[in-house]
Each structure stands twice: as C-alpha cells, then as structure tokens.
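Biologist: I would like to learn how to read the features of this structure, one at a time. Could you take me through a few?

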Amino acid sequence: MANKILIVDDAAFMRMMIKDILTKNGFDVLGEAENGAKAIDKYKELSPDLVIMDITMPEVDGIQAVKEIKKIDSSAKIVMCSAMGQQAMVIEAIQAGAKDFIVKPFQADRVLEAVKKVLG
C-alpha cells in the first residue's frame with residue numbers, strides 16, 4: 001500500500017512540485033494545506049503516514065504546527081521544508097519533533113531520500 005502523505009506549504013506551486021515528485025514515485029498524496037492551522041485539522045482528519053511541512057507560513061507556522069501535531073500523535077512523522085539560511089528554525093523544528101528536513105529549491109532525489117528515510 002502506498003504511503004499517505006500530507007503536504008503543507010503556503011505556496012501552491014511548492015505543494016504542486018512536491019506532489020508531482022511524490023506521485024511520480026508511487027506515493028499517495030492524501031491532502032494539502034496552506035498553513036499550520038489547516039495542517040493540524042487535516043492531520044486529525046486524514047491521519048497521514050507522513051507530513052511534509054513548510055517552516056514559514058501565515059497564521060500558524062510550521063514549528064508550532066509540528067508541536068501541535070506531536071501533541072495529537074506522538075509518533076507523527078514530519079519532514080520540514082526550509083529556505084536556505086533558516087538553520088536556526090530547522091534546529092527548532094527538529095527539537096519540536098520533526099524527523100528530517102529538505103531545503104528549497106527542492107532536488108527531487110533529496111525529497112525522496114528524506115521521505116523514504118523517515119517512513120523507513
């Protein structure tokens with residue numbers, strides 16, 4: 001069975017790029033959200049196997065969303081997306097419970113490597 005993934009990014013084209021990479025490689029993109037608040041709701045609703053989460057978003061940022069999702073499901077698997085130069089935020093996200101991170105602009109093989117590593 002394909003792993004079910006939730007993609008969270010405030011930029012629609014980023015969600016589309018990630019979705020494209022994942023679906024071409026046999027993963028099932030279960031849903032998308034454009035901010036952390038919607039990500040938390042979608043997580044409760046869909047129970048994905050993995051969340052790919054942008055760090056910088058309006059309303060609720062990725063780090064706060066990771067903390068909330070981990071409260072709901074302590075075994076949640078989350079991969080963070082960050083732009084170059086966000087190392088401090090990436091460290092904070094990992095401390096909050098994220099399992100790995102990928103850096104924009106995305107390299108398809110790096111996205112797949114992170115997803116496969118975290119889903120193990």
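Biologist: Let's begin with polar contacts: which backbone nitrogen lies 2.9 Å from a polar atom of the side chain of Asp9?

Modeller: A polar contact is a pair of N or O atoms within 3.5 Å; within protein, one must be able to donate a hydrogen and the other to accept it, and residues adjacent in sequence count only if both atoms are side-chain atoms. Here, the backbone nitrogen belongs to Ala11. Before we go on, a word on the source: this is a predicted model, in which local features need pLDDT of at least 70 and side-chain atom pairs count only at pLDDT 80 or more, while totals for chains, interfaces and linings use all residues. Residues are numbered from 1 along each chain as its sequence is written, and side-chain values use heavy atoms, with hydrogens and water left out.

Biologist: Where does Asp9 lie, and is Asp9 buried or exposed?

Modeller: Two terms first. Helices (H or I, at least four residues) and strands (E, at least two) are DSSP runs, numbered from the N terminus. Buried means under 20% relative accessible area, exposed over 50%, and partly exposed in between (1.4 Å probe, protein chains only). Asp9 sits in the loop between strand 1 (4–8) and helix 1 (12–24), and counts as buried because its relative accessibility is 0%. Contact means heavy atoms within 4.5 Å; setting aside neighbours within four places in sequence, Asp9 touches Met14, Arg15, Ala33, Glu34, Asp54, Met57 and Lys104.

Biologist: What about Asn35: where does that residue lie, and which side chain does it join in a polar contact?

Modeller: Asn35 is in the loop between strand 2 (28–33) and helix 2. Its side chain and that of Glu59 are joined by a polar contact of 3.3 Å. With a relative accessible area of 3%, Asn35 is buried. Apart from neighbours within four places in sequence, its contacts are Val8, Met57, Pro58, Glu59 and Val60.

Biologist: Now helices. Which residues of helix 3 are buried, and where do they fall when seen down the axis?

Modeller: The general idea is that an α-helix has 3.6 residues a turn, so residues three or four places apart point the same way. In helix 3 (residues 62–72), the buried residues are Gly62, Ile63, Ala65, Val66, Ile69 and Lys70. They fall within an arc of 160 degrees seen down the axis of helix 3, so they line one face of the helix. That arc is taken over the directions from the helix axis to the C-beta atoms. The buried residues of helix 3 pack against helix 2 (36–46), strand 3 (50–54), strand 4 (78–82) and helix 4 (87–96).

Biologist: Which residue caps the N-terminal end of helix 3?

Modeller: Asp61 does, with a side-chain oxygen 3.2 Å from the backbone nitrogen of Ile63.

Biologist: How many salt bridges does the structure hold?

Modeller: A salt bridge is a side-chain nitrogen of Lys or Arg within 4 Å of a carboxyl oxygen of Asp or Glu. The structure holds 11 of them. One of these pairs Asp49 with Lys4, the closest N and O atoms being 3.9 Å apart. This pair links distant parts of the chain, 45 residues apart: Asp49 is in the loop between helix 2 and strand 3, and Lys4 is in strand 1. Asp49 is partly exposed at 27% relative accessible area, as is Lys4 at 22%.

Biologist: And within a helix, how many residues apart are Lys24 and Asp20?

Modeller: Four, about one turn of the helix, since both lie in helix 1. Lys24 is exposed, with a relative accessible area of 64%, whereas Asp20 is partly exposed at 37%.

Biologist: Which residues are joined with Lys117 into one network?

Modeller: Lys117 lies in helix 5 and Asp100 in strand 5 (residues 100–103), so the pair ties together parts 17 residues apart in sequence. Lys117 is exposed at 54% relative accessible area, while Asp100 counts as buried at 5%. Salt bridges that share partners join Asp100, Arg110, Glu113 and Lys117 into one network.
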